[in-house]
Each structure stands twice: as structure tokens, then as C-alpha cells.
Protein chains: 2
Amino acid sequence: MVQSNPKISQPQNGLDKLFSPASVAVVGASADPARIGGRPISYLLRAGFKGQIYPVNPNRDTVQGLASYPDLASIPGPVDFAVLSVSAGAIVDAMRACGEKGVRAVVIFSAGFSEMNAQGAALQDEVLTIARHYGIRVLGPNCLGLYNAANGHSPTFTSGLEGAAPPLGRIGLITQSGAYGTHLLSMAKARRLGIGMWVSTGNEADVTTAECLEYLIESPDVDAVGLYMEGIRDPETLIRALNRARALRKPVVVMKVGVSEVGSAAAQSHTASLAGADASVQAVLDQTGAMRARTTEDLLDVLYAASIAAPAKGDKLGILTLSGGAGVLMADAADAEGLSVPPMPAAAVARLLERNPFSAPYNPVDITAHALNDFSLIEENLTAMLDDGGYDLLVAFFTSLTASPVLGPRIQKTLSDLLKSRDLPVALVGQVPDALLQAYEADGIMVFDDPSRAVAALAALAGFQRAFDAVPEDASDLPDLGKIELQPRSYGEDEAKALIQKAGIEILQEVLVQTPEEAGAFAARLGLPVAMKIVSPDIAHKSEVGGVALNLTGQQATQDAARDMLASVAARAPQARISGLLVSPMAGDGVELILGAKRDEVMGMMIMVGLGGVFTEIMQDVALARAPITPGRAEAMLRGLKGAPLLQGARGRPTLDITAAAKAVSRLSVLAEQNAATIESIEINPLLVRETGVVALDALILPRQT
Amino acid sequence: MVQSNPKISQPQNGLDKLFSPASVAVVGASADPARIGGRPISYLLRAGFKGQIYPVNPNRDTVQGLASYPDLASIPGPVDFAVLSVSAGAIVDAMRACGEKGVRAVVIFSAGFSEMNAQGAALQDEVLTIARHYGIRVLGPNCLGLYNAANGHSPTFTSGLEGAAPPLGRIGLITQSGAYGTHLLSMAKARRLGIGMWVSTGNEADVTTAECLEYLIESPDVDAVGLYMEGIRDPETLIRALNRARALRKPVVVMKVGVSEVGSAAAQSHTASLAGADASVQAVLDQTGAMRARTTEDLLDVLYAASIAAPAKGDKLGILTLSGGAGVLMADAADAEGLSVPPMPAAAVARLLERNPFSAPYNPVDITAHALNDFSLIEENLTAMLDDGGYDLLVAFFTSLTASPVLGPRIQKTLSDLLKSRDLPVALVGQVPDALLQAYEADGIMVFDDPSRAVAALAALAGFQRAFDAVPEDASDLPDLGKIELQPRSYGEDEAKALIQKAGIEILQEVLVQTPEEAGAFAARLGLPVAMKIVSPDIAHKSEVGGVALNLTGQQATQDAARDMLASVAARAPQARISGLLVSPMAGDGVELILGAKRDEVMGMMIMVGLGGVFTEIMQDVALARAPITPGRAEAMLRGLKGAPLLQGARGRPTLDITAAAKAVSRLSVLAEQNAATIESIEINPLLVRETGVVALDALILPRQT
């Protein structure tokens, strides 16, 4: 796909006429409801669209029972929205006609634009220029359109709406891929998941997935949104929308593909959007409280859970089961999903055991098959869990018992009676006939046949609650570190250190000297063992040219070492310009971190932190976030490293100053982000974390090449 | 659950009469086919059991249309097998009657045995004693029985057989949990997975899951087996059966629950079987080529794949898609599952592009929606992939197109025609109507709606092939390291080192001296820097009592250090018996490994290896296997460590002697396993791996406490 010209400016908003117009024209309307130009009319009629529908077809008087018009200009009333179901070659004329008619939004179904070749990209740019001229928002081209169940607006030809109408519901689904979006819609329909709004964005010449997300999140008709993305066109809007969703406590589940090298290459060839590093995408989702789905089933499971129950208050899972084995399995699943499975209180256990000595009412609360002989056991055990267990979520395993003609309805009624006044997400695992299924779901009880998936869906609800309750990062708390206008030239270590020191990150007290005698004199004045390094904009790896000396004690030894160093560097890097020798006290004991701020091609300035040595080199044990970040988030990143015990005093080690380290990480992120216009990357390697305070021992800064 | 007496010896074999009897008596037969005593008869009749069926019920002349007998003795012919559907209290008498009648195998449905309390465990032991006396194999008690579709033998009351009979098939399913086994059976039936043999083992007083696995693996009616386990009663049989399955190239998928702490505790309370460390179970599954399923859906997906296609020849996946997005998603999934997605050859790409310039035939081979306009594109692209791609597995994404009344059957016919002569596993992803689904499956094409699950199922088939092709470890190649009869006392470091040296693992040349003067003299004689350590059976942590000194140079320094050490130890560990001082040359440069052999309560002697320092302490980067292992497997374990690059010369480090390290790991495993009768654990920490050779610097051995 060829990149369409991004410099044509994009107006914000105006999506109301896209999603909720009062009148729709269908240019290229077909009398055949199975054809691309016929389906939107058929879907609009079936969905009971409340506004005017104007088929445009110069060859017919009526289309699917509606009066047809030869062209847009002939339509008597105003037209908010137009479906352009004509070939790519006819789109420019159709767009001009829309402009003249005062149409505010269009969907372009046709392919043959930027997804094809450079000529198509030029055509797409021409369409966009017309759109900007007239103020028309464009969905597509090369997309399948959208539908909005709330008002019946259905300008789409997706086969996902064929057959029965989709069930009503308050879930929004946004998809870059039309075919995959149709697949998602079909799967959702098969499990009766109510997708109330659905939009396929295609080439995103104008309207992006992120803008659609922003619109859906604000819609009173949408409670939760699923998002399928291959590339990200406007990360700023995406992040704003995700933060807004968190503020409104609306779950967002994101399926972002192109994770692997081969997948990313395929995505790149499929859309022109840059994939960006997947780790950066993940970091942004973590920061904004969105959930990442790895499979289609995950995506739909979480949307299903969100459509039935509110986010969970906490992570304490109660497990009710008729099968000990299933109880064990679900306890394992809970552990893997980060839920806790706290035991029932001893008094309740004693009471339940007295009633049924064959049970194991600990949590998992295993009633055993005795429930078949004495149905009231189900009610008693469940009541005890609800009253005494203090659980935030509940899963109940009844296997095929729920399908029994006799017991099935009794179980449904019991669960419904006991749970209707409770405010906690509940998943039932079992085989459930369709009629009962709808009764369960109406009562806020979700139903699964795979116990692991049930637990994962509950865990997602707990995860949303955690994300919603987390105090959002407040960028206004971050200091203004001032502008630094880097030039496109090499910067030395001394300059890099001066910059990070200005940003409030401690560096070693050090001097740049020009002669061995000055080096010796500084060491004598300091009265401490010193380290000495060559300083040159032309030498990246100092130790390889003999440019590093450590633990030098006293005036003479320092002076001698300086003389040797200058000779060694002169011999091994004769071309290098030498700025001098940097002499500093030895840093002392501690643990070394690596800090880096670096531009991601999509997400912008990212901040990375990891432990030094094998942790970063071999184990890739690093944490990533989009800059800027607060010290609080920085500390969470540090504590989340696998190697964090080294900072926290594991195995008799001293406890180090994580607070100071977090502050340094935050400061570096602020410095980099506030100067993203001229900084490509900054690295502090290492930052020594001591028992008190931290100190940057080396720094490297690369200006942005313009 | 109380442990039943394990000392009552268990005869092998004899399971033929359990799974394939010529005659079946049902003691406690009920005329009501819905009752526990009625279901087996109803199921036997429906399944067309070919042998004799004898209901035993003293109150009726006929039961479900069959002549009924007042007791076993009255039955005219021989009885191979009996269902005991009577209460726990009546089981002892029933068992005696079975013995007198010559019954060879029984299933006991009733609960109230070792799963309940000590009294029940005693009753279970009594049943077992009678069984041994008469030579009767017992399935259960506290189980749901079994069925064998091949001969209609259906002595079970599982509700999983209610409604329609399960589809015919060649999959075996073994489950410890009756309720969960029923759930599995219901889920399998819902997706028409042909479970030909199903057995629920319950308390496993006699017949174990492992024995059932052994039987099913040898059965000509079974191609693949699923196994649901909470505990493992006879690991030797299990391992033998798994190795046999690999030799016969029959896939085995294992769902072993009780992984997490809370799950393991629940499993322990649910069955008396010890859970064992999950890592040991995983190691054994890896070594025997079985696959671990983490969820019910995984288990059924892999069994479904195995029921439709043979294991894949390799790991090269071809991806055919009508949706670019789905192609990206499946490429990601392939990467996550360890499959490769190699590109199509350039010539084929050029040919396909010439034919359809809008396609992206690289792999993923994205035909795009143009397939709708020109159906022959599907055939051409697929043929090119089959002829030129060299793929071992194929996934094809058609979404709802396969459900189209017009195109659906055409796609099915095209795929069938092109694939029927090819010998590779193929998964179709799409919505498929039931009638077409069966046609696909009959042609060896599996069908999924979730593309990630399709790719995972294909990856499982590739995994089985890898396991089947791997050369099994040949224990006969391992050396006989001889018996060492450890006593239940403390062993010193010198003794431990002598034992591992005898096993062929190099230790440092060292002497045990008694005086500072002798220490100094040895250092002088050696002419190298030495290390010195206190030796005492009472001191575990030498450095904590001043019992370690390193890098001592020359006679006097060594002598002085020895004097200080003895004084320090005398002051800080006055009760310790001192064997002397161990003096050795300094070990030199290299990377330190930790090696340990340790008894797992279920799986027996296990061998563990990891890198020293933070890798083992903080990152838990270790590999585990059941002892003994060959040097080949030991090397694979070492190379599989996350920290392996440190051994392999990462970032300018020297390449170390992994071969020698692997030999040492193998030797330690052999030593520990051949002496498992008296060894609880041996540890070498560290083993120093050098550029040439390895050397054990410290060793610790703990005898088994009897």
C-alpha cells in the first residue's frame, strides 16, 4: 500500500453525520438486495432507519420500494450522508456532487486507491482534497461501511448482517480490516453478543480507527468497545480516546496484530500504516488501561463479559463446583490470570461441613455430586460464599446438570434469586440450553463451557477495575525542564551529562582536564580514588582504545595513568579529536541500571529502564512506557522488573534507593519528551543506584537528524 | 481423601476383560434407564453390545426387556465383567460373589471409600484384598465407569452418553474425575469429536490412569489419547505408556491440573494422590513427547486435529487468506506457536501477481476479495502453494464465504479436489454449515472459527512429529557408575567430591590438611594461588563462620590464613567437629553452573541445571529432567537456558566447553538415579565451565532418611 499524502490537514470531529445522519443517499443503488449497492438499502430498511433514504440510480424510478433519483442534485430534501457504491474511477465526480449537495459524510466502498499503487494513492489524495474543500468526512475508501443499531443507520455491505439481524446490544466494534471485521461480526452474532455499533475503516484516508474510538466512547449507546488494528495512524487521538474511556469507565479491548516479524511485514504490505514496535503499543495500552486480546476468542469473551457484568470490585474469586477436578482446574486458571482464591472463613466451613460431611467447602467450594441428592446444598453453599466469603467474582461449575430438563431450570432460578441483589460478576460453566442461556444472561450471569475461559473473562473484569481505579498520570505535575535545541552534530559525554544534570539527575563531581598534571592535581585535591576517561566526540567505545582507567589512587598514579591513556588513544584512534580527560571520584557500590529514551516511529518518545549487565543483555528484562511518566509509574516499572529483587534487598543485599532511581527515570522521560523536536535518543548507562541516591556514570545523547 | 494401603501388590495387565468382555452382569440393575443402575443396561443395549448382558435384581424377572437373575450365582453362563451398582456397604459381599462366579473385572460406581474417611479407606483395602485373592481387576470405586464404542461395552452412568449416542471415532479419553470427564465428553459430543473409548478411574484403588493409557495406546481402535489427571499414582507405568505411544506414533495430550499452589492444595484434598512438583510433571511430558494442554479447549482442539490429520512433516506453515488482516493475525499466531512462515518462491509470486495484480501472494498468500469476482483465483493460488511452496501445514481463511449457499459448496469441492492426494494437515477457518462441515472433515480438513486456535492445533501436529522423530534416549548407553550405599549420616564436602569424582566429574586437585603448617607446605609445593575451606560435617555455610579464604599466595600467607580460619571457626562454631582444611588451587575463569539431583515425591529422581548467581537465584532460569539423562539431552537443556548465550560466547565472551558440562550433568544424573535407594539429593554448586573442561568446586550430598 502506498502512503497517502499525510500533509492534507485533518479537521476534528464531524463524525455525528457519519454515525447518526437524518438522511442517507445511496449512490449506485441496486434493486438487488444481495448486491453491494443493494445491501445498504436492504439493511437500512430492515433496521428501521428513522431518517430519509434516497436511492440514486438514473436507470430506475424505484429501488427496493423507494423512490429513486437520477442524481444527488435531484433529491428534494437535504442529504447528511451518502453511500458511494460506484467504481474508483467515478468517485471524484461523486464526491464533487456530494459537496455541491451539502453532504457532510460519505462512505466509499470501492477499492483501487492507496491499497493498490501510486496512481491509486494519488486518486485517494484527490478525493481527500475535495472532501476538505467541502468539509465532508470520508469513511474508507476500500472499507465495508458501518452500522449503528440505535438509529438503524446501516450503510454497509458486510455479509455479517446477512440472515438474521444482529441482537441488540451496547458493544461497539471498530475494525481496520473489512473481511476480518465481518468474521468478528459473524462470530459475535453466533454467540448472540450485541454489537450495537460496528465500523470498518479501510484505508483511513480521512476517518481513523482512533477517531471512531473517540466517537464510540462518548456515545451513550455504547458501554464497551473492541478494536481490531493492524497499524496506528494517529497515536495522539488513540491515546486521548483510551484515556477518556478509562475516565468514563468503559472497557476497551484491543486486538493489535503485526506482533511478530513475519506478521509485521505482512501488515506493512497490507496497509501503509507503520506498525511501530509492538512493545511500544503494549506500553501505551498498559498506560491507558486498555486490555490487549491475543486471539479473536479472547476479544469476544471479554466483550461478552463486559456486556453482561460491570467491572469487578477486586480480584478475590470464589469457586463453586460440583466436580473436585474442575475446582482444581479453575484454581489453576485463577492463579495464571492473577486472581486470588482466598479460603472460606473457618466458621462457614465448619457449618457447611456439618450439613454435608462429604463436601469440601474451602474454596474451591466442592459440593460434590451430593448436590444431586439434596438440591438445597447448592443454595446453602452459594449463600455462604456470598454472605461470608467476601468474594469479588464468582465462578460456578455445574457441567451438564444445567442442561437437565428437571434440574436445569431449578438451578437457573436458584442462581437468579440468590444473585440478583448482588453486585458481582458471575460466570456459570456448563452446558446450557438456549432458552435458559438467555435467562441467565438477562440476570447478569455469563455462561461458558470452557472453565478456563470463564475464569479469564472474570479476570478481565477485575483488570478493568484496577485500571479504572488507578490514579491517572497527571502530566501537569511534571516539571518544566526547559527547551534544549540540539544541533545535528555529535555530542560528547560531558555535554550529555551536563544536560541530564540540568534535568535534575545527579552526576559525579568531575572535571575535564587537558594534561596529565591537571589530572593528578585534581586527584590530590579530591583525596579519593578516581576514575578517568578519555573524552572525544569521535570515540564511542572508550575502553577499546585504552580510554578508561579505574581506581587510581593519589596524584602520581593518576598522572601516570593519564599519560599512558593519551598515548594509547593517540596510537589506536589517531584521527579522533580529543576534548580532554574526564576525572571523577569512584562511584562506589550499588546496582547499575540502564535508562534510555528513544523515539518509536509510531508512538513517539518512549522511555526504557532495565538492570545492567546480563539482565538487559541476555534476559531482555526491561520495562517500557511512553514519555513523559511520573515518578510513581517509573517506580512501578522498576518494581516490575524480574531482577527487581536486586534493588529490594534480596538474599541479604542492601535495600537500594528505588525512589531516587524512579525520579531519575521520570526526569529523563520528561527531558526527552519536552525536547522531542530535536532529540532522537538519550541513554544513561549506567545509572548507579546506591543505598542513598543515584548517580549517572555515563550518558549519550543523539540529536534528531532532520 | 485417605490414602489406601499401597502395599497390597498390584498384578499387571488383565485389562482386556475390563474393556472388552464377552459377558456383562449388572448387579443392582434398574428397570428405569435414567437411574444409575439402569443406565449401563440402556447404554449397552443402544450401543449394540455383542456379548451377553445379565441384569441382577432379585425383585424382577426382566429388566429393560432382558431376563433378570436374583444373584450372580444363578447366571447360567460365564460372566467376564460386572457392574457393581450397589451401596458401599454391599460391595464386599458383591465382590465375593464376583470372585466365586469367576468374574475377571468389575466397575464400582459407589462413593464412600477412601475419598471419604479412614473407615472408607479400610473398606477400600478390604475390597482390594478380595480382588487380589480372586484375581479381579477393579475400576473405581467412586467412578463413572467406561465405554468402548468398538464393541458397545458401556458400563457407565455418565450423563455424557445421554441424548444422542456419541459419534464414532478413534480418540481415547481417560479421566480421573468423573464429573469433569462427563463435561469433556459432552463438549466433545457437541463438536462431534469421535471418542471411541472413555474411562473414568475415580479412586484408582486398583486400575490406574497410567494402566488405562497403556491399554488404550496398544488398542488397534485408538489413534490418539487425551488424559485428564489430578494426581499420578504409578509414574513408572505412565512413563512406559508415554514412551510406547511415542514409539507407535500415537499422540497423547495430557491435562494435568494442580499446577498452582491453591490448585495443588485443592487437588490434594480431592484425591489422595500426591501432586508432585508441576515442573517435574512437565519435564517428564517433554521427555516422553506428550503434549500438555492447559485448557479444556486446547485438549479438545488437539484431539480434534489428531482425529482428522496425521502429524505434520515439518513446521513450515502456508497461510492462504481472503483477508489481509486475518493473514497478519495468523502469521503472528504461527510465530507464537513456533511455526515458520517461509515466503513463496519468487517465480510463483511473479506468476500469481501477473494473474491478479491486486493480490499479495507472498505467504500469507492474500488473494483479497477479488476471489469473489474470479473464483478460479482460489484454485490457482492454492495449487501454487501446494506445488511450489514446500509447506508442511496449511491454514486457509475464508470467513463467512464458506457459509454462502452458492460459493460454500464450490469452495468445499475445490479444497477437497486439490487436497485429497496431498499428505499435509489443513485447517479451514470460516463459518461452515453442518452438512459441509462433515464433508470437510471426511476429506481430512479440520474446521475452526478462531484462526488462532486453528494455527495452534496445526502447531500441535508439528510438535508431535518432532517428538516422534526425536531419537529416544537410550539408557543402555549410560555407564554403570556402581552402587554407593550411603548411610543416614552427614557427609562432608570431601566425601561428596570423592563420590562425584568417582562418577567421572573432575574436581580440583586438593588436599585435606590438619595444620596450618601442612596448608602452607602444600601451597608452596603447588606454586599457584590457592583457596582454602574448613571441612566439617556440622558446618553448612562455611563463609559465615570465616571458613573460606581465596587467592592465597605462597607458604607464609597460606599458613597465616589457616591459623586465622581455625581460630574463627572455633570461636563461631565451637560445637562443630572439624575434619581439617581443604586446600586447592584457585579455579580460574569461566561461568558457574548449579547442578542438582533431587527426589520428586512422585516422579522420583530429577536432575536440575542452571547458571549460577542471579540466573538461578533471581530469574529461576533452570532446566529439569527425570534422571538418568544422556549427554545429548543434558546439552539440549543447557542450550535451552535463557542465559545460554553466556556459555556460547555472547558479546565477545569466550565460547565455553558445553560438551564437558553436558557430560557432567549426565554423569550426575546417572549417579543419582543408580543410587536412588540411598541418595536424597546431590548438588554441585558451582560447577565451573571453562574454555576447556569443567571442574566441580563444591559438592553436597544428602543421604535418604529411612
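**View 1. Polar contacts across the interface of chain A and chain B.** In this predicted model, 20 residue pairs are in polar contact across the interface of chain A and chain B, counting pairs with both residues at pLDDT 80 or more. On the side of chain A that touches chain B, the residues divide into 29 nonpolar, 20 polar and 14 charged.

**View 2. A salt bridge between the chains.** Have a look at Arg453(A), which forms a salt bridge with Glu297(B). Their closest N and O atoms are 2.5 Å apart. Between chain A and chain B the count is two salt bridges.

**View 3. What chain A brings to chain B.** Several elements of chain A give two or more residues to the side that touches chain B, among them helix 5 (178–190), helix 10 (296–308), strand 17 (393–399) and helix 17 (451–469). Helix 11 of chain A supplies the largest share of this side, with eight residues. Overall, the contact takes 63 residues from chain A and 63 residues from chain B. The area buried between the two chains is about 4600 Å², and carbon and sulfur atoms give 66% of this area.

**View 4. Helix 3 and helix 4 of chain A.** Now to a pair of helices within chain A: helix 3 (residues 91–101) and helix 4 (residues 118–134) pack at an angle of about 5°, with their axes 10 Å apart. Angles under 35 degrees count as roughly parallel, so helix 3 of chain A is roughly parallel to helix 4 of chain A. The residues of this contact divide into eight nonpolar, one polar and three charged. Helix 3 of chain A contributes residues including Ile91(A), Val92(A) and Met95(A), while helix 4 of chain A contributes residues including Leu123(A), Val127(A) and Ile130(A).

Notes: Residues are numbered from 1 along each chain as its sequence is written. Chains are lettered from A and ligands numbered from 1 in the order in which they are written. This is a predicted model: local features need pLDDT of at least 70, side-chain atom pairs count only at pLDDT 80 or more; totals for chains, interfaces and linings use all residues. Side-chain values use heavy atoms; hydrogens and water are left out. Axes are lines fitted to C-alpha atoms, for helices over the stretch in contact, and angles run from 0 to 180 degrees between N-to-C directions. Helices (H or I, at least four residues) and strands (E, at least two) are DSSP runs, numbered from the N terminus. Angles under 35 degrees count as roughly parallel, over 145 as roughly antiparallel, 65 to 115 as roughly perpendicular and the rest as oblique. Contact means heavy atoms within 4.5 Å. Ala, Val, Leu, Ile, Met, Phe, Trp, Tyr, Cys and Pro count as nonpolar, Asp, Glu, Lys and Arg as charged, and the others, Gly among them, as polar. Buried area is the accessible area (1.4 Å probe) that two parts lose on being put together, summed over both. A salt bridge is a side-chain nitrogen of Lys or Arg within 4 Å of a carboxyl oxygen of Asp or Glu. A polar contact is a pair of N or O atoms within 3.5 Å; within protein, one must be able to donate a hydrogen and the other to accept it, and residues adjacent in sequence count only if both atoms are side-chain atoms.
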